[in-house]
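Here is a short briefing to read with the structure open beside you.

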Amino acid sequence: MTALLTIIPIIVLAIVFTVVIITVAKSKPPAQKPKKMVQRRKSILKGYFIILLVSGVVYGMLQSNWGVIGDEEVNNELEQIDQEFYEAINNQNFNHESVKEVQNWQFKLEGDELMLTNLNQGEGLSFMVYVEKIDDLEGEVVATYYMKGIGEEKIYHPNKPVITWDGTESELMMKQHRKEVKLHVMSKEFPIRQFTGERWFGERQSHTFNVHNQIVYIQVPRGTVVETSDFLYIYEVN
Amino acid sequence: MGIVICDNVSKSFKKNRAIKNLSCTFQENRITGLIGRNGAGKTTLLKTIAGRWRPNEGVVKVFDEDPYDNLKVSANMICVNDELVFSPELTLDEILKSGEMFYSNWDMEIAEGLFDYFELNPNLYHDQLSKGKLSTFNMIVGLASRCPLTIFDEPTTGMDYSVRQDFYRALLKDYINHPRTIILSSHLLNELEDILEDIVLIDKGEICLHESMNDLKEYAIRITGKREDIEPFIVEENILHKKKLEFNLESLVVKNEFSKEEIEQMKQRGIQILNVDAADLSMFLTGQSKGGIDDVF
Amino acid sequence: MSFNQPSVSSAVKNQYLYKLKGYSSVFVALMTVQIIAMFFGVLGGVGQYGTSNGSMYLDLYYVSGDLIFAFTCIWAFVIAFTMDSKTNRQAMQVFVTNQLTRHLANGIYLVTLSIIGAITVLLGGFFIKSIVMILNGPESTFIFVGYTIGDFFIGLATTSLYLLLCSAVGYFAGKIASMGLVAKLVLIIGFLSVLFYNGLIERISEFFIMEDVFSIFILKVLVTSLVAYVMAIWLSKQLEVIK
Amino acid sequence: MVLNHDSVKPIYVQIAEWLETEILNEHISPGEKMYSQYQLADMFNINPATAAKGLNILANNNILYKKRGLGMFVKEAAKEMILLKRKNENLKQMVRDLVQEANYLGVSNDELYQLINDIRNEGQGE
């Protein structure tokens, strides 16, 4: 109910405005040319209703042109792509349509220890790293960044990470610039939400999308010991 | 047949009694004048008849029904006063059309004819009208609605003389063509006495006279002569108004209860006998004291 | 002179038409209130919600006609509050009327206003959304929550019912307010204590807002409105007899 | 005719007299339909009841008679009736007033006769 309390200022504001507007609207038309007054008022009203009707049509067109996101159908589709993506990565099936290679880094490893460091750990930003150990890599480390192959919608794509070698050539530093996205959610009005399970200020986060999809795939020579810092999760492949 | 019957009706506001134990009957298809001074209780009586409120005591019957909150009475009665509130957004023309919608007897031809005659602009709004034009418009609504019971409460407020004469004539002509019960309240009797059939005089919330207009004109006479000549003929209670003149002369208004012989005798003694104007008579009947304002000096 | 035997239905119909034709200022008030609500809605100050999801920070602006809905509810309340005021009563008494027909005509009129209000609330929602999209341009990202014809009709019904509820309560409150100074004070104190008395407002709002079964919601609103309305008529009868 | 509101005579008496004059002047002939109370009310701008009272005076004096549903009609002998009535009532009253005034002024009978003769001659001389 705290949500309800937060809207009390809005209600008070609305009451004040409404009372003022209604007293103004109720006041008599001025003595001079009230005929024009009343006619003008009536035509303004007509104009208002026409604008409202037109905006209904406009919105319908915009919605169909720009596509629908957040719809159940679309969500299911995204979920399916999500599954296919992880499955493909796990099976090293990098040519699958759900996988898109973005960048590839190669480094020369000295010794048999590799330290992976997340430079973003203070910000609570984590990395998901797949590590594959391969026999015929001669002291090479290959890091590849993959993302989901789901079109151009930028809200699905975070900034790509920056991966660098530190001076000792045994520590791989990963950094990512957090991406800020401003989203306008074209929500349904409350009286509709009431019967779609969303209620007043209900679980609106449910509109958030599965964007936790940056995957860094690292190939290292077999026998290398991989150590990690916090906020960096490793899945060993094979 | 009594269209409106008031039996022992009292109505008070806060502590102020507007009408007291008032009984009267308004006959069907007559024009009755309700005459009284300002504050005599005319408006209170008319609003009670119109069913705007319930009397504190007594019974009011209109068309044999209690008018309060009564749809049948409302549909067959219109009460025109200067408090009529119409929509501020409707032109006069549109108000007339609304009237036509509500009242089944509505006569749009009369309404339009009167509109033209009084040069009212049908495109104006009600609250734009001057006091006189407002009364004219309200009067047109009252006439055109052609209700079996039509009440005009001080309908001529703000009208100038010629418009008042036109209104009385219009009222009479429409009444002749479509007889109905009309109650007309006014403090100006002399202008409308000819068109009235009955008159009800009201003073301080009480009825002091209910007569036909013709009887009212013979109700009293004015006798002027020397006091000692007059005195033998006069009964004290019958004196309505007394005025002392120079040379021991007196001018009395008395109830006309004299026989033909008495009148003859008075004439022979040189006593002057005149009729009393109905308007003057109503003033004397509703007056505070028998001498009028002269008593003060 | 023939007597006119009016039927209640024809008297109600005439009064209703007269009100509808002669009082467009209520729609002007509706329009103004909604335009103000739209202004705030387009500014986007409402329903902002930030969420961090790993490598992405989402600033979510919820765009909807919620504010229009709230303002319109208050409009319905205020209009109903003044509907049977002394001036408006006098305006009805000019023509054929009695208490029953007046209240019935008022009731039907308020139902009409509720439906018109509901249509404008929903269309106003589209208006806000369209304006936000046009102002932000096609480069911005919008999330459309699939809006079906069915949603529109559910919204229409629900909004009408909420507006009807507000107007019935407003009609009742207006009658209480015409009771005189003491009664007015009682009304205001009562209203404030309902607002702030622990738990009461929650229970009242839960009763309507948390109801997610449509048919039960309809029943709740209709019964409450009818009770408020009948109480208003009863109160009105008492008041007018006293006077 | 214009009604005289200041007259001692009530309006309905004035109406009755006017109707009599109409008959005497033969504007309405015997056997013809008399004006209705509504026509009279309209003509003189008076209440129809007042007009009816004026008509009733003539009916009571046997100058008019009622035909059911058709209105009032002028009797055949109306003119004679009016003349007789006026002689008996009105003229007598006028003479009474005349004599009274003469007494006041101390005018003798001879002088009065002389005056009447003079005025009659004046009328004939014209």
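In this predicted model, domain 1 and domain 2 of chain D bury about 870 Å² between them, and carbon and sulfur atoms give 55% of that area. On the domain 1 side, D:Glu20, D:Leu24 and D:Ile63 together supply 53% of the area buried against domain 2 of chain D, more than any other three residues. The points below start with this interface, then turn to chain B and chain A.

**The two domains of chain D**

- The domain assignment of chain D places domain 1 at residues 11-76 and domain 2 at residues 79-124.
- Their C-alpha centres lie 28 Å apart, and the contact draws on ten residues from domain 1 of chain D and eight residues from domain 2 of chain D.
- Two salt bridges are counted between domain 1 of chain D and domain 2 of chain D.
- Four residue pairs are in polar contact across this interface of chain D, with both residues of each pair at pLDDT 80 or more.
- Sorted by class, the side of domain 1 of chain D that touches domain 2 of chain D has four charged, three polar and three nonpolar residues.

**Around D:Glu20**

- D:Glu20 is one of the three residues named above for their share of the buried area, and its side chain meets that of D:Arg86 in a salt bridge with an N to O distance of 3.1 Å.
- The side chain of D:Glu20 also joins that of D:Lys85 in a polar contact of 2.4 Å.
- D:Lys85 sits in helix H4 of chain D, which covers residues 78-105.
- Is D:Lys85 buried or exposed? D:Lys85 counts as buried because its relative accessibility is 16%, under the 20% cut-off.
- Apart from neighbours within four places in sequence, D:Lys85 is in contact with D:Glu20, D:Asn61 and D:Asn90.

- B:Asp153 belongs to strand S6 of chain B, and at 5% relative accessibility B:Asp153 counts as buried.
- Which residues does B:Asp153 contact, leaving aside its neighbours within four places in sequence? They are B:Thr43, B:Leu46, B:Val80, B:Asn81 and B:Ser185.
- B:Leu46 is 107 residues from B:Asp153 along the chain, yet their C-alpha atoms are separated by 7.4 Å.
- B:Asp160 lies in the loop between strand S6 (149-153) and helix H6 (161-177) of chain B.
- At 46% relative accessibility, B:Asp160 counts as partly exposed, whereas B:Asp153 counts as buried.
- B:Asp160 and B:Arg227 stand 67 residues apart in sequence, and their C-alpha atoms are 43 Å apart in space.

**Chain A in outline**

- Chain A contains ten strands and five helices.
- Of the 238 residues in chain A, 43% count as buried.
- Among contacts in chain A with a separation of 6 or more, 80% link residues 24 or more positions apart.

How values were computed. Residues are numbered from 1 along each chain as its sequence is written. Chains are lettered from A and ligands numbered from 1 in the order in which they are written. This is a predicted model: local features need pLDDT of at least 70, side-chain atom pairs count only at pLDDT 80 or more; totals for chains, interfaces and linings use all residues. Side-chain values use heavy atoms; hydrogens and water are left out. Helices (H or I, at least four residues) and strands (E, at least two) are DSSP runs, numbered from the N terminus. Buried means under 20% relative accessible area, exposed over 50%, partly exposed in between (1.4 Å probe, protein chains only). Domain bounds come from an automatic or database domain assignment. Contact means heavy atoms within 4.5 Å. Buried area is the accessible area (1.4 Å probe) that two parts lose on being put together, summed over both. A salt bridge is a side-chain nitrogen of Lys or Arg within 4 Å of a carboxyl oxygen of Asp or Glu. A polar contact is a pair of N or O atoms within 3.5 Å; within protein, one must be able to donate a hydrogen and the other to accept it, and residues adjacent in sequence count only if both atoms are side-chain atoms. Ala, Val, Leu, Ile, Met, Phe, Trp, Tyr, Cys and Pro count as nonpolar, Asp, Glu, Lys and Arg as charged, and the others, Gly among them, as polar.
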